[in-house]
Amino acid sequence: MDLCNITKVDFHMHTIASDGTDSPTELLLKVKEAGLDLFAITDHDTSLGCIEMIKTLGCDDPKFVSGIEFSCQDENGKYHILGYNYDLYCDAIQDTINLGHQYRMEKLYARLDFLNKTYGFIFSDEDIENLLKNHNPGKPHIGNMMVKYGFAKSKDEAITQYINNCTYKSQYISPRRAIQAILDSKGIPVLAHPFYGNGEQLIVGKEMEERLNRLIKMGLKGVEAYYSGFSNKLQNQMIVYANKYNLYITAGSDYHGRNKLVQLGDTNLNNIQEGDEAIRRFIQAL
């Protein structure tokens, strides 16, 4: 990919296909307003947002790359594995997507059952039907519905004080399977927000380096070093790791629309020319 006309990027954002609030059409308008030259949609365990975005794009629109974010777990912990520029219709990626969707739906029904039996929360058939219109509904969708019913004052309160109390033993795709599926579909596997694991952890020092080594042996090719939630210290430490292990670097905001207080394009990287060489190698590999 020609780097000459690419300066501002964001490789981590979500649409209504998972837990974002923007449709691909709405997201594209915001991508243009943010002045992005290159972007990716990374919905959780689904490629539907990417497929719709490809149909939406015009000749003069910013460059787009297909992405995905797999929620993973193995005996060593939880991970979010990003995949980029993969074959959207490859059996390896679609089989893994279908498994992730199955696990997410099982978790959804377990949470609704828990809220009903534990707190007596009942939702109308119409609202449940609307909930299921979301391809991969999760905690934010349930939380917003609880606010509508007055069961919680805010989405965050619904999640932290009620939904997170559900002790359902969730099933997850293994990071090995996710990475291999991305590789088999000619994509590039990247570790999302590495220091934060599944988004609710802080993994540093020896534990972080051991985690990287395990994932590299599985085929990991990059890390999200520029991330909206990272301090400069964390960002610089991840750049050191990336250079040490010859990994690609990516930059992502983790934008979710109204479901997160994160701005589109807020990656802590103003210009790729100011970033590490590893991010330019990543873009070139696309």
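**Close-up 1. Ile81 and Leu191 in the pairing of β4 with β5.** Ile81 stands opposite Leu191 of β5 in this predicted model. Strands β4 (residues 77-84) and β5 (residues 188-191) run antiparallel and are joined by four bridges.

Close-up 2. Seven strands make up an open sheet of mixed pairing, ordered β1-β2-β3-β4-β5-β6-β7. Its edge strands, β1 (9-10) and β7 (248-252), each pair on one side only.

**Close-up 3. Helices α2 and α8 lying across strands of the sheet.** Helix α2 (residues 48-56) lies across β2 (38-41) and β3 (63-74), and its direction is at about 175° to that of β3. Helix α8 (residues 205-218) lies across β3, β4, β5 and β6 (222-227), running at about 50° to β4.

Close-up 4. The 13 residues of α9 (residues 232-244) reach 18 Å from the first C-alpha to the last, close to the 18 Å expected at 1.5 Å a residue. Leu234, Gln235, Met238, Ile239, Tyr241 and Ala242 are buried in this helix. Viewed down the axis of α9, these buried residues fall within an arc of 160° and therefore line one face of the helix. The cover over the buried residues of α9 includes α8, β6 and β7. On the face turned away from the buried side, α9 carries the exposed residues Asn232, Lys233 and Lys244.

Notes. Residues are numbered from 1 along each chain as its sequence is written. This is a predicted model: local features need pLDDT of at least 70, side-chain atom pairs count only at pLDDT 80 or more; totals for chains, interfaces and linings use all residues. Side-chain values use heavy atoms; hydrogens and water are left out. Two strands pair if DSSP finds at least two bridges between them. Helices (H or I, at least four residues) and strands (E, at least two) are DSSP runs, numbered from the N terminus. Contact means heavy atoms within 4.5 Å. Axes are lines fitted to C-alpha atoms, for helices over the stretch in contact, and angles run from 0 to 180 degrees between N-to-C directions. The expected span of a helix is 1.5 Å times one less than its number of residues. Buried means under 20% relative accessible area, exposed over 50%, partly exposed in between (1.4 Å probe, protein chains only). The arc is that of the directions from the helix axis to the C-beta atoms.
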